[in-house]
Amino acid sequence: MGKRSGKLAWTALVFLGPFSLPACSEREESHSYSIRDSAGVQIVESSGPAWEATQPWVVGSTLLDIHETGDLEEYQFYQVSGVRRLSDGTIAVLNHGSLTIRTFGPDGRFQEEFGGGGDGPGEFRALTDLIVLPGDALGDTLVIWDVRQRRVTYLTPEGEYLRSSRLDWTGREQLYGIRILPDGRIVAKTFASPFTGNPNAGVGLRRASGPVPVFGADGSLLDTLGVFPNYESVVMDRGGGVSMMDAPFPKHFYYDVQGGSILIGTADAIEVQIWEADDGLRSIFRTSNRDFENTQGDREWYRARYL
């Protein structure tokens with residue numbers, strides 16, 4: 001199967017992303033990481049964890065199961081595409097099957113449902129992404145991305161329509177997800193298949209690339225951050241035609257926003273790139289001396305599940 005770092009890329013993005021280290025031009029070292037400057041880009045390289053082997057990361061027990069809270073239809077979900085907790089503890093859920101947003105109290109009890117299918121204000125053709133913008137005394141703002149309409153809709157937690165903007169995109173890649181910067185600008189992820197711009201892609205392992213565009217709050221295209229590898233797929237000859245499927249343990253593209261920074265991971269290495277929308281690449285956080293080759297157990301699990 002070979003070495004595949006894709007299955008651990010999201011872990012690296014989550015754990016490395018929150019760290020912020022001061023810029024420097026001289027090399028700094030500690031027992032677990034080093035910092036150096038390369039052409040104005042800060043590179044932080046970890047040679048080992050800061051915690052001891054007796055202090056592993058663990059996932060705690062389940063605190064709340066909304067599905068188990070009630071037996072009415074509101075507690076039944078189909079194709080959940082986003083879940084977020086608001087600042088007051090309210091939980092918002094995108095239920096793509098009904099094209100609605102449902103909110104639940106901190107105790108899991110149903111509160112409201114709004115949205116629905118359609119093209120009008122506060123209506124959707126696809127519920128693709130959910131973001132919560134922290135609010136003031138008036139409360140948070142829900143931001144819903146509708147990939148089919150290329151529309152970003154802003155709602156109150158009670159479902160009141162505030163505004164919307166349609167992203168001005170004419171590229172051949174499909175806009176797939178969004179993140180919001182503190183100043184309101186919108187950072188989008190694009191999807192490109194091996195056949196995007198190359199309808200005669202040959203059989204084998206393929207990984208297309210796509211841009212990361214930045215839009216204004218009104219949906220106007222402002223700039224493109226760069227072009228990055230998308231997800232890995234396998235193109236197969238079915239006899240009389242070709243088809244595509246996800247590669248086993250594929251590498252993916254990951255991104256997120258923290259403050260005014262854009263975090264990007266491509267899984268080509270165990271690293272996270274820190275970009276600024278106006279100033280480009282600022283820092284790279286990476287780990288070295290790690291061998292993430294898939295085990296025989298990994299391969300047997302994949303065969304049992306998918307083949």
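Visitor: What does Thr103 touch, leaving out residues up to four places away in sequence?
Guide: This is a predicted model. In it, Thr103 has contacts with Thr90, Ile91 and Ala92, with Arg109, Phe110, Gln111 and Glu112, and also with Phe114 and Pro157.

Visitor: Which strand is Thr103 in?
Guide: Thr103 belongs to strand S6, which covers residues 100-104.

Visitor: Buried or exposed?
Guide: Thr103 is buried, because its relative accessible area is 1%, and the cut-off for buried is under 20%.

Visitor: Phe110 was in that contact list. Which aromatic cluster is Phe110 part of?
Guide: Phe110 forms one aromatic cluster with Tyr75, Phe77 and Phe104.

Visitor: How many aromatic pairs does the structure hold?
Guide: The structure holds 13 aromatic pairs. One of them is Phe249 with Trp301, a tilted pair with 6.4 Å centre to centre and 35 degrees between the planes.

Visitor: Where do Phe249 and Trp301 sit in the chain?
Guide: Phe249 is in the loop between strand S16 (242-246) and strand S17 (254-258), while Trp301 is in helix H3.

Visitor: What other ring does Phe249 pair with?
Guide: Phe249 also forms an aromatic pair with Tyr302. That pair is tilted, at 5.6 Å centre to centre with 45 degrees between the planes.

Visitor: Which residues form a nonpolar patch with Trp301?
Guide: Tyr306 and Leu307 form the surface patch with Trp301, and together the three have about 400 Å² of accessible area. The helix that holds Trp301, H3, runs over residues 296-306.

Visitor: Changing topic: strands. Which strands does S20 pair with, and in what sense?
Guide: Strand S20 (residues 280-287) pairs with strand S3 (residues 41-46) in the parallel sense over 5 bridges. S20 also pairs with strand S19 (residues 271-276), in the antiparallel sense over 6 bridges.

Visitor: What is the bridge partner of Glu45 in S20?
Guide: The partner is Arg286.

Visitor: How is S19 joined to S20?
Guide: By a hairpin, through 3 residues. Glu276 stands opposite Gly280 in S20.

Visitor: Now the whole chain. How many helices and strands?
Guide: The protein chain has 3 helices and 20 strands.

Visitor: How much of the chain counts as buried?
Guide: 46% of its 307 residues count as buried. The chain exposes about 16,700 Å², and carbon and sulfur atoms supply 49% of that area.

Visitor: What share of the contacts comes from residues 24 or more positions apart?
Guide: Among contacts in the protein chain with a separation of 6 or more, residues 24 or more positions apart account for 45%.

Key
Residues numbered from 1 in each chain as written. Predicted model: local features only at pLDDT ≥ 70, side-chain atom pairs only at ≥ 80, totals over all residues. Heavy atoms only, no water. Pairing = 2+ DSSP bridges. Helix = DSSP H or I, 4+ residues; strand = E, 2+ residues; numbered from the N terminus. Buried < 20%, exposed > 50% of the residue type's maximum accessible area, 1.4 Å probe, protein only. Contact = heavy atoms within 4.5 Å. Areas by Shrake-Rupley, 256 points an atom, 1.4 Å probe, with all protein chains shown as cover. Patch = residues over 30% accessible without salt bridge, like charges linked within 9 Å, V, L, I, M, F, W, Y side chains within 5 Å. Salt bridge = Lys/Arg side-chain N within 4 Å of Asp/Glu carboxyl O. Phe/Tyr/Trp six-rings, centres within 6.5 Å; stacked < 30°, edge-to-face > 60°.
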